Amino acid sequence: MSGPPGGRGETALPETLTRRLSSAARLVFFTGAGISAESGVPTFRGAGGIWEKFRPEDLASFEGFRKNPGLVWEWYRMRKEIMSRVEPNAGHRAIADLERHYHVTVITQNIDNLHRRAGSSVVHELHGNIERNYCSGCGAYYPDDRLEADGEGVPRCVKCSGMIRPDVVWFGEFLPEEEWNDSVGAARWADVFFCVGTSGVVYPAASLPGEAKRAGAFLVEINTGPTDLTPAFDESLFGASGDLLPAIVAVADSLSPRNMRKN
Ligand code: BJW
Ligand code: ZN
């Protein structure tokens, strides 16, 4: 395991990882709330996390939505507002940048769209996307700008009057089937599988590192501290993803100088 990084651009990667990167073709990045923390999106667990102040069963379950849809919408409107004004950070950009050297797949538990906005081409969103909504009655899709209720209360479907909800995956709900199947496929296909900024406690997403390992991938964790999954990794890099991911780009550039960015 490596210690804390010395700072942007000074981080030395473990030799084993550098060696793996020199022979790898396919990288998978499995990301969680921690990668967006440096953009200003709150994480769920740990000090200052969302679940310190709110109960997940009230805000992130269909039962909670059924009981108090106004409260759930108030919370999601606040989060839509936060996510609409944040920008991708150095960590998101580094993952997109690695496409100059590797086939890169992103599997994210985040709903904030920041990987796509950073330029990543293949992004599987396991827990939905904050910019979409659908009717809990008939399933009709509603982008944010077609929601009724004038920014307050519970928006209703124009077709069936059902309650519209954010297109995110709550506890007890199935993950989107195609995104899940593609993610399992990507995990089995990875040469190096990175877990970035996730506590690794929410299933079935947290089973993906194991899936990758069983198929022969080299497993790397990037997190500010140890997690439940740490013992399973080949390498754990402890520090901020906005520092460590650019360090991986620097190593990839040094391994493949002809592909270095010109500017
Ligand atoms: C940094 C950093 C920096 C900070 N740099 N790092 C098997 C076993 C046990 C339980 C289950 C199981 N199978 C299913 C379950 C139940 C449940 C579950 O897993 N519960 C556990 C919590 C106990 N799972 C489900 O219900 C799932 N569905 C399902 O299984 O369907 C099948 C089924 C159907 C019917 C009945 C039963 C089963 C669905 C899970 C949905 C999760 N939804 C949420 C909300 C999404 C929408 C929204 O955002 O509004 O997803 S909850 C929340 O947790 C969100 C996240 O995507 C998810 C994971 O959190 P994440 O990303 O790991 O964030 P944090 O905050 O936990 O961690 C951040 C990390 O970053 C920390 O480690 C920091 O140290 C680090 N960090 N700054 C690097 N700068
Ligand atoms: Zn409807």
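User: Which residue in S6 does Tyr134 stand opposite?

Analyst: Tyr134 stands opposite Arg165 in S6. A caution on sources: this is a predicted model, in which local features need pLDDT of at least 70, side-chain atom pairs count only at pLDDT 80 or more, and totals for chains, interfaces and linings use all residues. Residues are numbered from 1 along each chain as its sequence is written, chains are lettered from A and ligands numbered from 1 in the order in which they are written, and side-chain values use heavy atoms, without hydrogens and water.

User: How many bridges join S4 to S6?

Analyst: Four bridges join S4 (residues 128–135) to S6, and the two run antiparallel. Strands are DSSP E runs of at least two residues, and helices are H or I runs of at least four, numbered from the N terminus; two strands pair if DSSP finds at least two bridges between them.

User: What is the strand order of the open sheet?

Analyst: The order is S5-S4-S6, with antiparallel pairing. S5 (141–143) and S6 (164–168) are at the edges with a single partner strand each, so one side of each has no neighbour in the sheet.

User: Changing topic, at what angle do the axes of H7 and H11 cross?

Analyst: The axes of H7 (residues 90–97) and H11 (residues 241–255) cross at roughly 20° and come within 7 Å. Axes are lines fitted to C-alpha atoms, for helices over the stretch in contact (heavy atoms within 4.5 Å), and angles run from 0 to 180 degrees between N-to-C directions. H7 is therefore roughly parallel to H11 (angles under 35 degrees).

Note on methods
Parallel < 35°, antiparallel > 145°, perpendicular 65-115°, else oblique.
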